Amino acid sequence: MRHRSLGRSELQVPVVVFGAWAIGGWYWGGSDDDQAVRAIHAAIDHGMNAIDTAPVYGFGRSEEVVGRAIRDRRERVIVMTKIGLRWDKARGEPYFETVDQDGVKRSVFRHAGAASIQEEVEASLARMQIAHIDLIQVHWPDLATPVAETMGALLELRAQGKVRAIGVSNYTVAMMQEARAALGPVPLASVQPKYNLLAREAEKELLPYCAAENIGAIVYSPLEQGLLTGRVTASRTFAVNDGRQKRATFTPENRALVNACLDRVVRPIAEKHSATIGQIVIAWTVAQRGVTSAIVGARTSEQAIENARAGAIELIPGERADIRAAFAALHLSGALAPRSHSLWKALAKKILGR
Ligand SMILES: NC(=O)c1ccc[n+]([C@@H]2O[C@H](COP(=O)([O-])OP(=O)(O)OC[C@H]3O[C@@H](n4cnc5c(N)ncnc54)[C@H](OP(=O)(O)O)[C@@H]3O)[C@@H](O)[C@H]2O)c1
């Protein structure tokens with residue numbers, strides 16, 4: 001596993017980070033806590049010593065499982081979590097309604113006000129039973145709260161020793177600039193955008209900005225929720241409470257298009273490296289300009305080990321170019337533009353003129 005500096009923070013992060021959304025169960029058709037703990041242990045043992053979670057993943061459950069998994073190895077792990085999505089209290093702007101992994105209806109609100117952030121961080125520390133969070137990230141922009149208020153609260157938590165580094169997620173470049181101005185001499189360590197072979201919007205503005213300004217970019221959904229492993233075959237079905245059932249990229253037509261492209265271009269490269277398709281996709285992702293790490297979700301030890309091993313694979317420029325060209329020429333039907341960038345950019349411009 002290779003490690004890189006996370007922007008101008010003091011953190012050295014693995015190029016493959018363990019994504020802990022799926023182990024919360026919600027959106028992913030349920031999960032098994034013991035299996036999740038084993039997956040995290042396997043990840044850490046194979047050099048994937050950073051974990052990205054969030055309070056909203058499984059409505060507290062992901063953080064609880066992460067806490068259980070790292071109890072006897074806290075000093076070896078970089079813990080990344082988030083603030084800004086409330087479900088435990090009706091605070092801020094209504095964001096979405098959902099049903100959790102236990103069938104309970106949940107309303108999720110976007111809120112990144114100062115008092116709420118302090119409460120959220122205390123709750124995350126308690127759920128994970130840890131004394132500090134290594135990287136705290138604003139999960140989604142809260143357009144109703146001044147960025148300066150949000151950053152001020154995070155600086156205060158940093159001064160209290162409860163968080164080490166400050167990052168954001170799903171922010172536009174303009175929002176990042178505002179956050180940096182509010183942070184003053186404290187670096188904005190990172191941003192977390194969606195980025196994968198099928199969703200490359202971040203390449204236009206965000207990743208070049210990160211590269212130029214030395215801000216870490218830890219990108220999410222690098223496997224397009226499993227589709228880019230080549231293992232989502234035509235016959236694979238998903239549970240009714242697995243969000244991938246309704247995902248535009250998972251229609252039978254799109255599965256066939258993606259799998260054909262993976263078979264034609266990525267499989268031969270994988271064979272040359274004695275690797276799997278998913279490993280080559282991860283290696284491609286972390287080799288792109290501006291990308292620090294890929295956050296890869298896993299539910300089993302086998303997946304975690306396979307994904308961790310991708311952190312050692314280095315593709316040659318020709319291989320990277322062939323993969324890029326093949327996916328640039330691939331047009332999926334009905335696939336949605338990635339929300340993380342376009343929607344927020346449009347909304348922010350409309351509401352705040354920024
Ligand atoms: N900031 C944000 O707004 C945001 C949004 C989304 C995600 N994230 C973060 O990014 C992480 C990763 O994103 P993601 O979970 O959306 O998608 P992902 O990493 O692209 O895909 C993860 C899923 O792919 C499948 N998979 C993983 N490794 C595999 C392997 N080796 N072989 C076959 N299948 C494999 C697993 O699902 P199955 O086994 O069920 O098929 C797994 O749950 C999340 O866990 C979370 O930490 C952040």
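Visitor: Let me start with one residue. Is Arg38 buried, exposed or partly exposed, and why?

Guide: Keep in mind that this is a predicted model. To judge burial, count the C-beta atoms around the residue's own: 20 or more within 10 Å means buried, and 12 or fewer means exposed. Arg38 has 17 other C-beta atoms within 10 Å, so Arg38 is partly exposed.

Visitor: Where does Arg38 sit, and what is the separation of Arg38 and Ala69?

Guide: Arg38 belongs to helix H1, residues 33-45.

Visitor: Now the whole chain. How many helices and strands are there?

Guide: The chain has 11 helices and 13 strands.

Visitor: Which strand does E3 pair with, in the parallel sense, over four bridges?

Guide: That partner is E13. Strand E3 covers residues 16-19, and E13 covers residues 293-297. Look for residues that face each other across the pair. Val16 stands opposite Ala294, and Gly19 stands opposite Gly297.

Visitor: What about E12 and E13? Over how many bridges do they pair?

Guide: Three bridges, again in the parallel sense. Strand E12 spans residues 216-220. Val219 stands opposite Ala294 in E13.

Visitor: Which residues of E13 are buried on each side?

Guide: Start with the general idea. In a regular strand, side chains alternate between the two faces of the sheet. Now the case here. Ser293, Ile295 and Gly297 are buried on one side of E13, and Ala294 and Val296 are buried on the other. Both faces are covered. In total, five of the five residues of E13 are buried.

Visitor: What percentage of the chain's residues count as buried?

Guide: Of the 354 residues, 50% do.

Visitor: How does the radius of gyration agree with that of a compact globule?

Guide: Compare the chain with the value for its length. A compact globule of 354 residues would have a radius of gyration near 20 Å; the chain has 19 Å, so the two agree. The C-alpha atoms fill a box of roughly 50 × 45 × 35 Å along the principal axes.

Visitor: And the contacts: what share join residues at least 24 apart?

Guide: Take contacts between residues at least 6 apart in sequence. Of these, 77% join residues at least 24 apart.

Terms used
Residues numbered from 1 in each chain as written. Predicted model: local features only at pLDDT ≥ 70, side-chain atom pairs only at ≥ 80, totals over all residues. Pairing = 2+ DSSP bridges. Helix = DSSP H or I, 4+ residues; strand = E, 2+ residues; numbered from the N terminus. Rg over C-alpha atoms; globule rule 2.2 N^0.38 Å. Contact = placed C-beta atoms within 7 Å.
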